[in-house]
Amino acid sequence: MAAPAARSSEHAFPSVDDLRPETDCLTGIDLSLIRENLKLTPWERILANDNTVNFCDMGRAALSQARVLAERGPSACCEPNGV
């Protein structure tokens, strides 16, 4: 079996410093997400916000349903119309 080929410098992994997000030196706030969002139009930002709100609402509904099922006990999921 042949030895694996050595990685060329083109395919080297990025350094830890290259992966670290750009932060404000005074506050330590990650500026990369702010800059990415400012590339969007106001309408695109509103749509992204709506998507986030809808995602959170679905998560809350799922947690609420899981709590109800947990309170009913393990047999609740097996009963017809148990939800």
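Mentor: The model is predicted, with local features needing pLDDT of at least 70 and side-chain atom pairs counting only at pLDDT 80 or more, while totals for chains, interfaces and linings use all residues. Residues are numbered from 1 along each chain as its sequence is written, and side-chain values use heavy atoms, with hydrogens and water left out.

Trainee: Is Leu38 buried or exposed, and how do you know?

Mentor: Buried means under 20% relative accessible area, exposed means over 50%, and partly exposed lies in between (1.4 Å probe, protein chains only). Leu38 has a relative accessible area of 58%, and is therefore exposed. Leu38 is found in helix H2, residues 32-38.

Trainee: How many helices and strands does the chain have, and what makes a run of residues count as one?

Mentor: Helices are DSSP runs of H or I with at least four residues, strands are runs of E with at least two, and both are numbered from the N terminus. On that basis the chain has three helices and zero strands, in the order α-α-α along the sequence.

Trainee: How do you know whether the span of helix H3 agrees with its number of residues?

Mentor: The expected span is 1.5 Å times one less than the number of residues. For the 31 residues of H3 (residues 42-72) that comes to 45 Å, and the end C-alpha atoms are 45 Å apart, so the two agree. After H3 comes Gly73, which has a positive phi, near 105°.

Trainee: Why is the pair of Glu22 and Arg35 called a salt bridge?

Mentor: A salt bridge requires a side-chain nitrogen of Lys or Arg within 4 Å of a carboxyl oxygen of Asp or Glu. The closest N and O atoms of Glu22 and Arg35 are 2.7 Å apart, and the pair therefore meets the cut-off. Glu22 lies in the loop between helix H1 (16-19) and H2, with Arg35 in helix H2, 13 residues apart, and the pair links distant parts of the chain. Glu22, at 44%, is partly exposed, as is Arg35, at 42%.

Trainee: Which residue forms a salt bridge with Arg60, and how far along helix H3 are the two separated?

Mentor: Arg60 pairs with Asp57, with closest N and O atoms 2.9 Å apart; the two are three residues apart in helix H3, so about one helical turn separates them. Arg60 counts as exposed at 55%, whereas Asp57, at 39%, is partly exposed. The structure holds three salt bridges, among them also Glu36 with Lys39, at 3.1 Å between the closest N and O atoms.

Trainee: What is the mean pLDDT of the chain, and where is confidence lowest and highest?

Mentor: pLDDT is the predictor's confidence in each residue, from 0 to 100. The chain mean is 82, with 77% of residues reaching 70 or more; confidence is lowest in H1, at a mean of 80, and highest in H3, at 94.
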